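Reader: I'm new to reading protein models. Could you walk me through this one?

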Amino acid sequence: MSGLVSLVGAGPGSPDLLTLRARDRIERADVIVYDRLVNPELLDFARPDAQRIDVGKSPHHHPVKQREINDLLARLAKDGKRVVRLKSGDPFVFGRGGEERAYLRAQGVEVEVVPGITSAIAGPAAVGIPVTHRDFASSFHVIAGHRKREGHELDWANIAGMEGTLVFLMGMESLGRIVANLVANGKPADTPVAVIQWATRENQRAVGGTLETIEREVDAAGLGAPALIVVGGVASLLDA
Ligand SMILES: C[S@@+](CC[C@H](N)C(=O)[O-])C[C@H]1O[C@@H](n2cnc3c(N)ncnc32)[C@H](O)[C@@H]1O
């Protein structure tokens, strides 16, 4: 009998931001295949005999290739296992969950998606920043900040022209490029910016500034990945 793969969102980091459904799936899993940003404390919900497989990816190091992860998930499910594929935040927000789901379905494997609280919203909220606010922004846009490295350039003219809040994920290595492109395409240099590292975790840190100053602020505070970059009026609401 074939098993089931649950693509489960682990939430932004704090274990109590896990959904009840996600906790249920972790508790019942035979195998948990998890990513680098997943808080290891969540594995404590698993059965003691559940197998735990770390396929963590760090920005410069890809220990397990995506194809191998896909094959691993399919193989485990075909062995009849209940598999939890645990991903930070929401599995369908820059989590390659869509690719894994498509692959598994093509292999005839049953797959379900358990949404998670994405860091793109919960991260700013953790430091008092709402992604929308009637005084500042009537939309928000979640953008992969590292896109250039993958060979495509973002449509900066379009992005800089949007009135809504911009939330960049995976953008810390490209902070200078992001700021320069926004300003070059007309975003005022005094637009508020906040950077939040390890949001909702015990080691959470954040700094605020403007497009003009944020690189200096980030350097001075020594912030790095994983972090969110929030651009727009709402970033001025960052808790002091
Ligand atoms: C591959 S993406 C995965 C996003 C995830 N699926 C989500 O919905 O939050 C990884 C990026 O998410 C952001 N991120 C995830 N968790 C974070 C946290 N607790 N604090 C700050 N940034 C976080 C960082 O920008 C990181 O580089």
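Reader: How do the residues of the shell around the ligand divide into nonpolar, polar and charged?

Author: First, a word on what you're looking at. This is a predicted model, where local features need pLDDT of at least 70, side-chain atom pairs count only at pLDDT 80 or more, and totals for chains, interfaces and linings use all residues. Residues are numbered from 1 along each chain as its sequence is written. Now the sorting: Ala, Val, Leu, Ile, Met, Phe, Trp, Tyr, Cys and Pro count as nonpolar, Asp, Glu, Lys and Arg as charged, and the others, Gly among them, as polar. Here the shell has 14 nonpolar, nine polar and three charged residues.

Reader: Which residues are closest to the ligand?

Author: A residue is near a molecule if its C-beta atom, placed from the backbone, lies within 6 Å of it. The ligand has 26 residues around it, and G89, V93, T118, S119 and A199 are the closest.

Reader: Which element gives the most to that shell?

Author: Elements come from DSSP runs: helices are H or I with at least four residues, strands are E with at least two, and both are numbered from the N terminus. α4 gives the most, with three residues. Along with α4 (119-126), β8 (192-197) and β10 each supply at least two. Domain 1 (4-114) and domain 2 (119-237) each provide at least three shell residues; those bounds come from an automatic or database domain assignment.

Reader: Is strand β7 buried or exposed?

Author: Count neighbours: a residue is buried if 20 or more other C-beta atoms (placed from the backbone) lie within 10 Å of its own, exposed if 12 or fewer, and partly exposed in between. In β7 (residues 165-169), five of the five residues are buried. T165, V167 and L169 point one way, while L166 and F168 point the other. Over the protein chain, 42% of the 240 residues count as buried.

Reader: Which strands does β7 pair with?

Author: Two strands pair if DSSP finds at least two bridges between them. β6 (residues 140-144) pairs with β7 in the parallel sense over five bridges, with I143 opposite F168. β10 (residues 227-231) pairs with β7 in the antiparallel sense over three bridges, and there I229 is the bridge partner of F168.

Reader: What about the chain overall: how many helices and strands are there?

Author: Seven helices and ten strands. The radius of gyration, taken over C-alpha atoms, can be checked against the globule rule, 2.2 Å times the number of residues to the power 0.38. The chain's value is 19 Å, close to the 18 Å the rule gives for 240 residues, so the chain is as compact as a globular protein of that length.
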